[in-house]
Amino acid sequence: MSEKKKEKKEYLTLTSGKMWQPYNWHVGEYWTKFFDGFKEKKFYGIKCPKCGVVYGLPRQVCGRCFVKMDDWVEIGPEGTVGAFTVIKFPYIDPNTGQIIQPLPFTTAAIRLDGADTAFWHYINETDETKIKVGKRVRLVWQENRKGNIHDIKYFEMID
Ligand SMILES: [Zn+2]
């Protein structure tokens, strides 16, 4: 055996660490108005003046008609589950960099009453046999709201 083959290999070792980098960003006029509604427990959608579609999360321009939208309409607080997933494995929260606890938890695509589009948020049921597409849910607000997506505590099953 040659000397070269006797060499012991060293493997690269990566060490996980923590890094904290606070930053702010401007969410824009529409999302500012949207989140300001949360402080008063109001969830606003925005309606296209051309096709009438109500977007459950605000956007300036209709994705179908390409026209500017400015017709804010209150939607919810009840809605319908369009899809869901029960998370049972460790998952890193992109907002905090920490593993989301406790497991399991459930996220669902929820179409609020009065909206034509859905968005994803938590629902407070983790037994997948009790959750079905088409089930009704109701928005539960945090007691102290700060004007961000975390002002929604979760959606609770109502049927
Ligand atoms: Zn439109």
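I began at a strand pairing: Gly45 has Val73, in β3, as its bridge partner. The model I am reading is a predicted one. The strands around that bridge are β1, residues 44–47, and β3; they run antiparallel and are joined by 4 bridges.

**Entry: the three-stranded sheet**

I then looked up the sheet to which these strands belong. It is open, has 3 strands in the order β2-β1-β3, and its pairing is antiparallel. The edges are β2 (54–55) and β3 (71–74); each has a single partner strand, so one side of each lacks a neighbour in the sheet.

**Entry: overall layout**

I listed the elements next. The chain has 2 helices and 8 strands. From the N terminus the order is α-α-β-β-β-β-β-β-β-β. The radius of gyration is 22 Å, well over the 15 Å from the globule rule for 159 residues, so the chain is more spread out than a compact globule. I took the box along the principal axes as well: the C-alpha atoms fill roughly 80 × 40 × 35 Å. Burial came next, and 17% of the 159 residues count as buried. I also checked the contacts with a separation of 6 or more: 51% of them are between residues 24 or more positions apart.

**Entry: helix α2**

I followed β4, residues 78–87, to its partners. With β7, residues 136–141, it pairs in the antiparallel sense over 3 bridges. Within that pairing, Gly79 stands opposite Val137 of β7. With β5, residues 105–112, β4 pairs over 8 bridges, again in the antiparallel sense. Here Val81 stands opposite Ile110 of β5.

On to β6, residues 119–123. It runs antiparallel to β5, and 5 bridges join the two. Ile110 turns up in this pairing too, opposite Phe119 in β6. β5 and β6 form a hairpin with 6 residues between them. In its turn, Gly114 has a positive phi of about 95°.

**Entry: the core and Ile110**

Which residues of the largest nonpolar core touch the most other members? I found Ile75, Ile110 and Phe155, out of 19 residues. At least two core residues come from each of β1, β2, β5, β7 and β8 (152–157). β5 gives the largest share, 3 residues.

I then listed the contacts of Ile110, leaving aside neighbours within four places in sequence. They are Gly79, Val81, Gly82, Ala118, Phe119, His121, Val137 and Phe155. Phe155, in that list, is also named with Ile110 among the core residues that touch the most other members.

**Entry: Thr106**

I picked a second residue of β5, Thr106. Is Thr106 buried or exposed? It has 22 C-beta neighbours inside 10 Å, so Thr106 counts as buried; the cut-off is 20 or more. Beyond four places in sequence, Thr106 is in contact with Phe84, Val86, Tyr122, Ile123, Glu125, Thr126 and Ile131. I also took one distance: Thr106 and Gly147 are 41 residues apart in sequence and 23 Å apart in space, C-alpha to C-alpha.

**Entry: backbone exceptions**

Most residues other than glycine have a negative phi, and most peptide bonds are trans. I looked for departures from both.

Two cis peptide bonds went into the notebook. One joins Gly76 and Pro77, with omega about 5°. Pro77 is in the loop between β3 and β4. Another runs from Leu103 to Pro104, with omega near -10°. Pro104 lies in the loop between β4 and β5.

Lys41 is not a glycine, yet its phi is positive, about 60°. The loop between α2 and β1 holds Lys41. With 13 other C-beta atoms within 10 Å, Lys41 is partly exposed. Phe66, also not a glycine, has a positive phi near 60°. Phe66 is in the loop between β2 and β3. It has 9 C-beta neighbours inside 10 Å, so Phe66 counts as exposed.

Conventions:
Residues are numbered from 1 along each chain as its sequence is written. This is a predicted model: local features need pLDDT of at least 70, side-chain atom pairs count only at pLDDT 80 or more; totals for chains, interfaces and linings use all residues. Two strands pair if DSSP finds at least two bridges between them. A nonpolar core is a set of buried Ala, Val, Leu, Ile, Met, Phe, Trp, Tyr and Cys residues joined through C-beta atoms within 7 Å. A residue is buried if 20 or more other C-beta atoms lie within 10 Å of its own, exposed if 12 or fewer, and partly exposed in between; C-beta atoms are placed from the backbone. Two residues are in contact if their C-beta atoms, placed from the backbone, lie within 7 Å. The radius of gyration is taken over C-alpha atoms; the globule rule is 2.2 Å times the number of residues to the power 0.38.
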